[in-house]
Each structure stands twice: as C-alpha cells, then as structure tokens.
Amino acid sequence: MQRENKKLCQDQSEGVSTFNFPPYKFRLAFMKHPDLQVNIGGIKLKNPVMTASGTFGYGREFEDLVDLNRVGAIIVKGLSLAPSKGNPPPRIAETPCGMLNAIGLENVGIEAFEKEKLPFLEKLSTPVLANIYGKNIGEYAKLAERIDQIEGISGIEINISCPNVKSGGIAFGVDGGVANEVVRAVRNRTGKPLMVKLSPNVTDITEIALSVEDAGADSLSLINTITGMAIDIETRHPKLANITGGLSGPAIRPVALRMVWQVVQCVKIPVIGIGGIMTADDALEFLIAGAAAVQIGTANFVNPRATTDIIEGIEAFLAKREIPSVTNIIGTLEV
Ligand SMILES: Cc1cc2nc3c(=O)[nH]c(=O)nc-3n(C[C@H](O)[C@H](O)[C@H](O)COP(=O)(O)O)c2cc1C
C-alpha cells in the first residue's frame, strides 16, 4: 500500500495523470520562470525593468558589472543635436534618502552617439531607447527625424521635464499646450515608438499626460526629478553651482507612486514608473499601481547591479506565488 502511494506521487510529479491540468511539469516550469515579457507601446521587452536616462551612461560603462543582455531596455543619457558640456561643477549633492543633480544634460551629441556609442549597444539583444531634448521645438523635430533613420534605436523617450537646463527641458513639460506641440512635432517626423517623460513639477500631472497622449505618444514615463536645493551653512553657498537641482532617489518614491497611480487611471497608453526604485519590492509597488514597466535611476549609483537584482526579485516574487506572468500583477491594486 505504501509503495502504491509512493508510485502515485511519482506519477503526479511527472505529470502523467491526464486529469492533472495544467500539467504539473508545466506548472513547475512557470513557477520557476514566470513570463516577464511586456509590450510598451510597440516595444517588446523581455522584462519590465529598464535603465533610467542619465544614470546608466551609454550602457558600456556598466558592461563589466551588469549582464546588459538581461536588462529590459537601456535608455541612454539625454541626447541633443550638438554635444553639450552641461553645467559647471559642483553638479551633485547628497541629500537624506536621495541626491540632487544639476548635470545640465551633458552629452556627446547625436552624431558621436551614432558613430561611437551605438555600435556597442547594437550587439546586445536589449532594445535601446534614445532620450532626447531640444532647446526649441525645431530641435526636437530634427532629432526625431535623424533618429528615425537609425535602425539600432528601438524607440525615443522625449524629455520635456529636465529641471536643470536654461532653455528647453522642463519649459516644455509644465504647460499642456506646449507639451502637446513638442510631441506632435516629433510624431510627425518619426514612426518609432514614442515615450514621453513627464515632470512632477506641475500642479496636475494628469492634464499634461492627457495632452501628450492626444499628441500621439505611445507611452508615458514618470517621474523626472523634483526641483530642490541644498545649502552649505559654513560657506553659505548653494551646494550646487546651478543653485537648484533635481531630487531623485527613495525620497521621491511616494510622490512618484502617487503620480503614476493618478496617470494610469486617466490614459489608455502604458505608463512607466520611475522614482526611487531601489529593490524588487519597490518596483512591484509601481506595477501593482498600474505601471506597465519601471525604470531604475539613482539605485544604479548605489548598486550597479540594481537592475538585474530587481529583475530576479520580481521573478522570485511571482514564482513563489505561482503567478504565471508579470502582466497578471500589473494594475491589481485593491482600494
Ligand atoms: C545624475 C542624473 C542624471 C540624469 N539625467 C537625465 C537625462 O539626461 N534625461 C532624463 O530624461 N532624465 C535624467 N535623469 C532623471 C532620471 O532618469 C530619473 O527620472 C530620476 O532620477 C528619478 O528616478 P530615480 O529616483 O530612480 O533616480 C537624471 C537623473 C540623475 C540622478
């Protein structure tokens, strides 16, 4: 009798019972490896974890530390038409639970990016998104036209939310009408998937979200940094040469989460959550709130492997609960 019981258990564990559906073997497979794939406004990702622009260089800087083929997508440092040196130093200051930065969009420019940085990225199986900014709407449009011709770039993230540049940047992201115009201009020049990155430095983020959705955005990413400042009390100088900067890191996570939740409820396009995500649990909060994917920023400075650690953590969370796909968790917030 004992032997018979043992045999029955064995049969079931091998999935031979015709009444055992879904087959045990199959359940075991997805329990170990839940499906992490997501589709973000026309871009297929193997998992929902991307790098946030400006915190992962042009990807290659992390080559020795991170398996770049495991990351959902790489979003490179914000690119402009011409190279830019950014703001003078000091450009970074630590704050409780975060950091202030006023880099001012230092970058190599689109031409050098295509020639010098992209060939490395093209060898990866990971989609690459170009984050772009212009000093005026014409510059955004020209960049879009140029990127449209570059095969190795899977999509464009339009930065209308940088608080650290004198012209452009945030000026386009705080007024629904202007934001609409920028996105329309870019939409007219490219068929590539468009993600629009929103600023939290507004009264009502849903108004801007609706306005850029109407202009043809395929997805939204939020939030960019929150404007802040810090003072050295000995010298009585601002800690940043730019005086103000953008606050990022865990300090901004609850604000980002609230904004993502608000935006998810009013738009039809996918929303990507950004802001202080340091661990898989943080990322899961955003996914449960309705984000279709997340971006990891400041965490990369603390733990260069944050992206892949978070991917593994999400996978383990789903596997433990026998949830077959990450899409089963998105937008499951109960209120
Ligand atoms: C040093 C630094 C540079 C950044 N550069 C850019 C950039 O070039 N373009 C952009 O859209 N966002 C930029 N950001 C904003 C991040 O992509 C992200 O939206 C923000 O830091 C919030 O996420 P986090 O709290 O995970 O860092 C930068 C942030 C930091 C800290």
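## Overall architecture

Of the 335 residues of the protein, 52% are buried, where buried means under 20% relative accessible area, exposed over 50% and partly exposed in between, with a 1.4 Å probe and protein chains only. The model is predicted: local features need pLDDT of at least 70, side-chain atom pairs count only at pLDDT 80 or more, and totals for chains, interfaces and linings use all residues. Residues are numbered from 1 along each chain as its sequence is written, and side-chain values use heavy atoms, with hydrogens and water left out.

The protein contains 10 helices and 16 strands; these are DSSP runs numbered from the N terminus, helices being H or I of at least four residues and strands E of at least two. Among contacts (heavy atoms within 4.5 Å) with a separation of 6 or more, 71% join residues 24 or more positions apart. The accessible surface comes to about 15900 Å², and carbon and sulfur atoms hold 53% of that area, as given by the Shrake-Rupley method with a 1.4 Å probe, for which only the protein chains shown count as cover for residues.

## Nonpolar cores

A nonpolar core is a set of buried Ala, Val, Leu, Ile, Met, Phe, Trp, Tyr and Cys residues joined through side-chain atoms within 4.5 Å. The largest has 92 residues, of which Ile158, Ile160, Leu198, Leu220, Leu222 and Ile314 touch the most other members. A second, separate core of five residues includes Ala93, Leu100, Ala102 and Leu240.

Leu222 is in contact with Leu198, Ile205, Met259, Val260, Val263, Val271, Ile272, Gly273 and Ile274, leaving aside neighbours within four places in sequence.

Helix α6 (residues 205-214) is largely enclosed by the rest of the structure, because seven of its 10 residues are buried. These are Ile205, Thr206, Ile208, Ala209, Ser211, Val212 and Glu213, and the buried residues of α6 pack against α5, β9 (194-197), β10 (219-222) and α7 (253-264). Gly216, which follows α6, has a positive phi near 110 degrees.

Buried positions in α10 include Ile310, Ile311, Ile314, Phe317 and Leu318, together with Glu315. Just after α10, Glu322 takes a positive phi of about 55 degrees.

## Two buried loop serines

Ser53 lies in the loop between β3 (49-51) and β4 (74-75) and is buried, at 16% relative accessible area. The Ser53 side chain reaches the backbone nitrogen of Gly78 at 3.2 Å. Beyond residues up to four places away in sequence, Ser53 touches Ile75, Val76, Lys77, Gly78, Asn131, Glu157, Lys197 and Gln295.

Ser161 is in the loop between β8 (155-159) and α5 (176-187), and is buried at 0% relative accessibility. The Ser161 side chain makes a polar contact of 2.9 Å with the side chain of Asn224; a polar contact is a pair of N or O atoms within 3.5 Å, where within protein one must be able to donate a hydrogen and the other to accept it, and residues adjacent in sequence count only if both atoms are side-chain atoms. A polar atom of the Ser161 side chain also lies 3.0 Å from the backbone oxygen of Lys197. Ser161 and Leu198, 37 residues apart in sequence, are 5.6 Å apart C-alpha to C-alpha.

## Cysteines

The structure holds zero disulfides, a disulfide being a pair of cysteine sulfur atoms within 2.5 Å. Cys97 is exposed at 55% relative accessibility, whereas Cys266 is partly exposed at 28%.
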